[in-house]
Amino acid sequence: MIALRLRHRFERTTLDIDFNTPTPGTTVLFGPSGAGKSSIVLAIAGLLRADHTYVSVDGVVLADTDTHFFMPPEQRRIGVVFQDARLFPHMDVQANLRYGLRRAPAGPIRFDDVVALLGIKALLCRRPHTLSGGERQRVAIGRALLSQPRLLLMDEPLAGLDTPRKAEILPYLVRLKTMAALPIIYVTHALDELTRLADTVVLLEQGRAVVTGPLSDIAVRTGLSLAARDDAAAILTLRVSSHDPVRRLTLLEADGISLLVPMLNAATPTVRVRIPAREVILASAVPATISVHNVLQGVVRAVSQDHGRHQALVEITIGTATVLARVTADAVERLALTPGAPVLALVKSISIDILDA
Amino acid sequence: MWQALSPDEWQVVRLTLAVAARAIGFGLPLAVATALLLSRQRFFGRGLLDTLVHLPLVLPPVVVGWLLLLTFGLRGPVGAWLFAHFGIRLVFTTSGAALACTVMSFPLMVRAIRLSLEAVDPALVQAARTLGAGPMDRLVSIVLPLALPGVVVGAIVAFAACLGEFGAVITFAANIPGQTQTLPLAIYAALQSPGGEEVAARLSLISVTLAIAGLTISEALGRRLRARIGR
């Protein structure tokens with residue numbers, strides 16, 4: 001577990017953060033710019049001495065102002081990937097990668113594995129100023145990984161990149177999650193990075209941690225900022241159960257929920273899917289012939305009306321999962337959608353985004 | 001023209017280069033340390049040190065030479081101590097000439113080195129910290145290599161300045177052929193003796209050549225070193 005308590009008064013704003021997050025796994029700190037995300041990263045790394053700090057990672061206390069304990073950054077073994085890669089310009093890529101490795105105690109993360117994971121073998125003899133932005137960021141990630149950190153901090157590592165470069169790096173980050181049983185704290189204000197990477201999410205607003213929890217919960221909680229967005233969606237992690245080559249469909253399953261999607265080519269044991277709230281249809285009975293494959297039996301958990309736009313957001317519990325449906329105010333009345341009411345959620349197979357492919 | 005140089009004149013050139021080399025060899029590590037101190041630390045007496053370092057730039061060189069005499073002369077506090085304990089005498093010696101050059105060129109070195117130290121991106125130093133590098137380690141592996149172009153250029157410019165140092169050298173170390181008579185002092189001596197204009201002209205030409213060579217090398221080297229770190 002990572003425990004963080006942080007209070008700091010800046011000239012204009014104050015930071016008052018308190019959250020615990022499980023390890024291993026990826027925790028995404030999500031919030032608009034100015035919410036204090038980067039300050040949190042600096043404080044965890046020890047580069048910012050906050051007025052009041054308590055940081056511990058898996059039982060190792062890194063700073064505690066109550067006992068006047070402050071471990072200097074060079075002893076914390078926290079790998080940091082900064083937004084501007086910060087590669088050392090007087091060293092080639094190989095020397096950059098080995099900088100932290102040479103100074104770290106022996107650890108499980110091997111040079112060749114990292115080079116292969118990040119696809120940077122061809123860059124080893126290059127100088128940082130000859131690299132593209134995306135290449136630089138990959139090298140920076142490798143350098144931090146090889147310092148055998150107890151925790152990897154990533155401060156908006158994709159924010160300086162254009163969309164194609166982001167798309168180039170995101171798969172590497174997804175693979176990184178699966179490679180090392182390494183806790184990661186990832187800072188971003190981009191929703192696609194949150195949905196692709198987060199296991200746990202910490203929502204930040206104006207220097208405060210509003211809520212902390214598993215992404216699958218936080219994403220669908222009406223009343224929180226994620227569900228209030230127009231692109232609100234449920235994020236589910238499902239087992240790849242079986243393929244049907246005749247119908248060209250794949251069956252995905254989790255506790256009490258199963259979904260049919262167009263057949264997957266990749267052979268991964270689990271996939272993460274995104275079901276947009278706008279794409280979910282609610283019904284009390286299903287017509288006999290319908291193109292929709294997924295008719296899910298559920299129970300309404302909450303209904304949140306948006307009176308200004310004559311719409312409502314409905315939370316539906318299906319098995320242990322929750323999905324969101326955005327419907328008109330009229331539909332809520334016609335179907336008598338109130339908490340506890342049974343309902344059918346219809347999800348078109350092609351409206352399910354497969355995120356991990 | 002080179003054939004026209006007499007053995008005596010060759011000796012002057014060699015001595016001048018030796019004095020300048022010693023001056024830089026002794027002064028450079030001190031200049032790096034001073035520049036580090038001035039650029040990073042806040043400490044009591046920092047302003048005083050800053051002023052002291054820059055004093056030779058604004059004082060008449062003769063005054064510097066005289067102050068050196070007062071301090072390092074055989075009856076000066078430091079000079080007497082050095083002679084009593086180590087048998088080292090600085091006045092009227094080659095080492096004395098080098099010391100005078102060190103003091104005079106010191107501000108040039110410190111300024112150049114300090115500027116390049118302050119140009120090192122603190123973000124890179126932070127990154128090195130998170131990768132496990134302690135203070136000394138960061139200095140050696142990040143700060144100094146990145147500041148190297150400034151250090152080298154500063155040293156070469158100071159070297160060139162040492163070749164031409166006159167007032168402080170003649171005051172502190174006197175004008176002794178073969179010991180303290182560097183190029184400018186030899187030119188001065190030649191002009192003082194009847195019919196010495198030709199010797200003075202030849203030596204002056206050498207002086208100009210050395211100065212231009214120094215500046216050219218420093219410029220080229222600085223550019224190459226900066227290219228290595230991608231600036």
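Guide: Strand E12 (residues 233-244) and strand E13 (residues 249-254) of chain A run antiparallel, joined by five bridges. Strands here are DSSP runs of at least two residues (E), numbered from the N terminus. Two strands pair if DSSP finds at least two bridges between them. Look at one bridge: Ser242(A) has Leu251(A), in E13(A), as its partner. In general, strands of a sheet pair through backbone hydrogen bonds, either parallel or antiparallel.

This is a predicted model: local features need pLDDT of at least 70, side-chain atom pairs count only at pLDDT 80 or more, and totals for chains, interfaces and linings use all residues. Residues are numbered from 1 along each chain as its sequence is written, while chains are lettered from A and ligands numbered from 1 in the order in which they are written.

Now widen the view. E12 and E13 belong to an open sheet of five strands in chain A, ordered E14-E13-E12-E15-E21, with antiparallel pairing. Its edges are strand E14 (257-262) and strand E21 (353-354) of chain A, and each pairs on one side only.

Next, follow E15. Glu279(A) sits in the loop between strand E15 (270-276) and strand E16 (280-283) of chain A. Glu279(A) counts as partly exposed because it has 17 C-beta neighbours inside 10 Å. The cut-offs are 20 or more other C-beta atoms within 10 Å for buried, 12 or fewer for exposed, and partly exposed in between, with C-beta atoms placed from the backbone. Beyond its neighbours within four places in sequence, Glu279(A) is in contact (C-beta atoms, placed from the backbone, within 7 Å) with Val347(A), Lys348(A) and Ser351(A). The C-alpha atoms of Glu279(A) and Leu346(A) are separated by 8.6 Å, with the two residues 67 apart along the chain.

Conventions
Helix = DSSP H or I, 4+ residues; strand = E, 2+ residues; numbered from the N terminus. Contact = placed C-beta atoms within 7 Å.
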